[in-house]
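Here is a friendly note to read alongside the model. Please keep the 3D view open and turn to each region as it comes up.

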Amino acid sequence: MLTLDKIYHAAFALREVARRTDLIAAPRLAEGLYLKTENLQVTGSFKLRGAYYKISQLTEAERERGVIACSAGNHAQGVALAASRMGIPSVVCMPDGAPIMKVESTKRLGARVELVRGTYDDAHDRAVELQQQTGMTFIHPYDDELVMAGQGTIGLEILDQLPDVQAVVVPIGGGGLIAGVALAIKSLRPEVKVYGVQAAGAASMYDAWKAGSYRTLDRVDTFADGIAVKTPGEQTFELIRRYVDDIVTVSEDEIAAAILALMENQKLVAEGAGATPVAAALFGKLPLAGQKTVCLISGGNIDVNILSRVINRGLVMGGRKCNLTIALEDKPGQLTRVSEIISGCGANVVSVQYDQGDTNMAITSCFLKLGLETRDADQIAEIKQKLEADGFQLVV
């Protein structure tokens with residue numbers, strides 16, 4: 001099983017490879033909040049730590065046969081980089097829905113990529129099949145003590161960078177990251193709270209932890225592809241039961257809002273998985289008030305093709321963007337009065353659409369659909385209240 005000694009040995013092995021990422025204060029997000037910026041790690045994710053340490057411990061015979069892995073993207077890049085640096089051939093199986101950026105980056109780092117239809121778990125099954133055929137060494141993304149030891153080096157760094165830390169919040173997919181971090185922190189500072197966060201649409205470890213028994217989901221549904229895991233690790237589950245204080249879930253909208261908050265307030269780009277700890281902190285999922293808390297931003301490899309949609313969702317979630325539909329009598333002056341009310345509240349109209357063809361309204365009426373840029377949810381409520389007070393009917 002994983003031990004603190006192994007984590008210290010991993011830190012020694014990684015000293016010339018993994019970046020000691022900054023721990024930065026984030027008072028604009030929440031008082032007492034700090035960010036461990038693994039999104040700025042080499043390859044853009046913490047995964048390099050575990051993959052490199054595991055591969056560095058292979059025998060010469062194992063190195064000659066090469067390595068194989070399965071990954072949604074971040075572990076793939078860690079394996080590819082580590083294997084390339086050591087002159088070891090590597091094959092990585094990735095789900096066909098993995099972000100293009102992660103697939104191409106894995107290829108550039110030297111791995112042969114095989115795309116597998118389905119989820120991470122389907123890619124895992126294919127990797128196991130290939131391993132049995134080729135004799136390559138399988139580098140598990142989380143359920144391996146050496147991989148967990150590599151990830152646990154982050155816990156050592158946090159304690160060194162913020163000695164009076166009181167709580168650490170960590171994303172969970174298969175559980176390798178939080179297992180390593182929690183063991184390191186609890187072994188040295190047992191009073192520090194360690195919390196895990198999962199996407200509500202992929203809450204395999206959350207369900208298992210709450211039930212006290214190992215279980216697999218039928219399906220996962222989240223844009224946080226780095227933690228979209230149906231089956232948590234068996235070793236990681238046991239360590240999490242022993243060392244983790246609580247696990248919570250966050251919604252897709254909350255994750256999107258956290259990504260936007262990190263970009264606006266900290267100038268940091270986080271992928272969905274990496275933003276889950278911040279989402280838990282921002283939306284009050286954990287008892288963090290008055291605590292010096294570290295949120296572990298596990299990665300920043302978000303696909304630019306979905307980034308705009310995530311930002312848009314974050315704006316809506318944060319009350320920065322609003323769509324209103326108003327039932328109007330089709331007569332002069334109506335739009336002018338609506339505009340006066342909205343501008344008087346300090347909001348900005350960015351789109352206007354008239355709908356005169358809806359069969360649910362009178363012939364002499366229309367639906368006015370407005371897109372607004374707003375300050376926050378309170379401003380939206382103020383606009384709605386003043387429109388209704390002026391006799392306008394809002395359509396829900």
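The points below go from the overall picture to the sheet, a helix, the cysteines, and then the pockets and cavities.

1. **How to read the model.** This is a predicted model, in which local features need pLDDT of at least 70 and side-chain atom pairs count only at pLDDT 80 or more, while totals for chains, interfaces and linings use all residues. Residues are numbered from 1 along each chain as its sequence is written, and side-chain values use heavy atoms, with hydrogens and water left out.

2. **The overall picture.** The protein has 15 helices and 14 strands; helices (H or I, at least four residues) and strands (E, at least two) are DSSP runs, numbered from the N terminus. Its C-alpha trace spans about 85 × 45 × 40 Å along the principal axes. Of the 396 residues, 55% count as buried, where buried means under 20% relative accessible area, exposed means over 50%, and partly exposed lies in between (1.4 Å probe, protein chains only). Contact means heavy atoms within 4.5 Å. Among contacts between residues at least 6 apart in sequence, 72% join residues at least 24 apart.

3. Look for 4 strands in the order 5-4-3-6, with parallel pairing. Two strands pair if DSSP finds at least two bridges between them. Strand 5 (112-116) and strand 6 (137-138) are the edge strands, each pairing on one side only. Strand 4 (residues 90-95) runs parallel to strand 5, with 5 bridges joining the pair. Within this pair, Pro 95 stands opposite Val 116 of strand 5.

4. **A covered helix.** How many residues of helix 12 are buried? In helix 12 (residues 272-282), 9 of the 11 residues are buried; among them are Gly 272, Ala 275, Pro 277 and Ala 280. The partners against which these buried residues pack include strand 2 (33-37), strand 7 (167-171), strand 8 (193-199) and helix 11. Just after helix 12, Gly 284 has a positive phi of about 65°.

5. **The cysteines.** How many disulfides does a search of the whole structure find? The search finds 0 disulfides, a disulfide being a pair of cysteine sulfur atoms within 2.5 Å. For Cys 93, the closest cysteine sulfur is in Cys 70, and the 7.3 Å between the two sulfurs is too far for a bond. Cys 93 is buried, at a relative accessible area of 0%, and Cys 295 is buried with a value of 0% as well.

6. **A residue in helix 14.** Gln 334 belongs to helix 14 (residues 334-344). Is Gln 334 buried or exposed? Gln 334 counts as buried because its relative accessibility is 16%. Setting aside neighbours within four places in sequence, Gln 334 is in contact with Leu 328, Glu 329 and Phe 392.

7. **The pockets.** On a 1 Å grid over the protein atoms alone, a cavity is a set of points where a 1.4 Å probe fits but cannot get out, and a pocket is an open set with protein on both sides within 12 Å along at least five of seven lines; lining residues have an atom within 4 Å of a point. Grid points are joined across faces, edges and corners, and a volume is the space filled by probe spheres set on the points. The largest pocket holds about 300 Å³ of space. It is lined by 17 residues, and Gly 97, Ala 98, Thr 222, Asp 225 and Ala 228 are the closest to its centre. By class, this lining has 10 nonpolar, 5 polar and 2 charged residues; Ala, Val, Leu, Ile, Met, Phe, Trp, Tyr, Cys and Pro count as nonpolar, Asp, Glu, Lys and Arg as charged, and the others, Gly among them, as polar. The second largest pocket holds about 220 Å³. Helix 11 (residues 252-266) gives the largest share of its lining, 5 residues.

8. **The cavities.** There are 2 cavities of 30 Å³ or more. The largest cavity holds about 290 Å³ and has 27 lining residues, with Phe 46, Lys 47, Gly 173, Gly 226 and Ile 227 nearest its centre. Helix 4 (74-85) and helix 8 (176-188) each supply at least two residues of that lining. The second largest cavity holds about 40 Å³, and its lining includes Asp 225, Gly 226, Gly 272 and Ala 273.
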